[in-house]
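Subject: Structure handover

Hi there,

Here is the structure I promised to pass on.

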Amino acid sequence: MPQPAVEVVDDAPALARAAADVVAAFVAADPDRTVVPATGETPLGLYAELAERHRAGRFDASSLTIVQLDDYRGLGPGDRRSLYGWMDRALLRPLAIADDRVLRLPADGDPDACAAFDRELEARGGIDLAILGVGENGHLGFNEPPSAAGSPTRIVALTRATIAANARYWGSDTDVPTEAVTLGLRPLLASRRILLLASGPRKREIVHRALDGPMGDDVPASFLRRAEGEVTVIVDRAAWEPA
Ligand code: GLP
């Protein structure tokens, strides 16, 4: 199994451009790819860069299938905290990707529906490209520690650390739902290609633990070292080197 390739770039704008080059080349080679796009702040520059290329007629995402990575559990329609809504604003609308091209997670996380989701994803041929960020506690999507490498799509209880980290999106800790539904590590690690993005000093420690520390359930991102496909990690200097 090849180890993740690490590319260190100067800063967040350089990270967005480098990631966009990878995504654009991957999609150009086959426009019918199945892509998992993370939400969160880290990939926003990448999505803006792709939107810019789309406007300039240099990137066509209309034939992609999009697979939802994660969401808070059981939000009502129109809830401002919906990560589907985040993905819609950041990626689907700017890239003119139709709603019916998205494989959505079961919002309530019903176990039978989650198992059916994993079967459906597998029947469609699995994930071609997963664009991921990493939580400061090592989560991928909402695969919180501890998560086994073979974990399926399921409901997870969010850790205190994640609730605190996500409070910056929504106001305060009490605005963050306590449960989520996440694509499991099993389907994620079976992706043909994984692009992990990390930016800023808050991610430095976890990036190094994931790549060089002990591999195990308590650092879900460490399992990227045993992913089935090619893994590329793009980090900016602040997420890689001591200040
Ligand atoms: C969030 C999301 C993840 C995201 C990660 C990092 O909680 N569930 O999908 O990749 O944490 O977020 P950010 O990029 O904002 O640091």
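Asn 166 puts a polar side-chain atom 3.2 Å from an oxygen atom of the ligand. I call this a polar contact, meaning a pair of N or O atoms within 3.5 Å; within protein, one atom must be able to donate a hydrogen and the other to accept it, and residues adjacent in sequence count only if both atoms are side-chain atoms. Arg 168 has a side-chain N or O atom 3.0 Å from an oxygen atom of the ligand. At Glu 41 a polar backbone atom takes part, 2.7 Å from a ligand oxygen. On its own the ligand exposes 390 Å², and the protein buries 97% of that (Shrake-Rupley areas with a 1.4 Å probe; for residues, only the protein chains shown count as cover).

Before going further, some ground rules: this is a predicted model, so local features need pLDDT of at least 70 and side-chain atom pairs count only at pLDDT 80 or more, while totals for chains, interfaces and linings use all residues. Residues are numbered from 1 along each chain as its sequence is written, and side-chain values use heavy atoms, with hydrogens and water left out.

Back to the ligand. Its shell holds 15 residues, the closest being Glu 41, Thr 42, Asp 70, Tyr 169 and Lys 203 (a residue is near a molecule if one of its heavy atoms lies within 4 Å of it). By type, the shell divides into four nonpolar, seven polar and four charged residues. Here Ala, Val, Leu, Ile, Met, Phe, Trp, Tyr, Cys and Pro count as nonpolar, Asp, Glu, Lys and Arg as charged, and the others, Gly among them, as polar. Helix H5 (residues 160–170) supplies the largest share of the shell, three residues. Helices (H or I, at least four residues) and strands (E, at least two) are DSSP runs, numbered from the N terminus.

Where does the ligand sit? It is in the largest pocket. For the pocket search, a 1 Å grid is laid over the protein atoms alone, and a pocket is an open set of points with protein on both sides within 12 Å along at least five of seven lines. A molecule sits in a pocket if more than half of its atoms lie within 2 Å of its grid points.

Ser 222 belongs to the loop between helix H7 (204–212) and strand S10 (230–236). Is this residue buried or exposed? Ser 222 is buried because its relative accessible area is 0% (buried means under 20%, exposed over 50%, partly exposed in between, with a 1.4 Å probe and protein chains only). The Ser 222 side chain reaches two backbone atoms: the oxygen of Val 219 at 2.6 Å and the nitrogen of Gly 216 at 3.0 Å.

The backbone has a couple of features to check too. Pro 145 and Pro 146 are joined by a cis peptide bond, with omega about -5°. Pro 146 is in the loop between strand S6 (129–132) and strand S7 (154–157). That loop between S6 and S7 also holds Ala 148, which is partly exposed at 36% relative accessibility. Ala 96 is not a glycine, yet it has a positive phi of about 55°; Ala 96 is found in the loop between helix H3 (83–92) and strand S5 (102–103).

Arg 73, between strand S4 (70–72) and H3, is partly exposed at 33%.

Happy browsing!

Key:
On a 1 Å grid over the protein atoms alone, a cavity is a set of points where a 1.4 Å probe fits but cannot get out, and a pocket is an open set with protein on both sides within 12 Å along at least five of seven lines; lining residues have an atom within 4 Å of a point.
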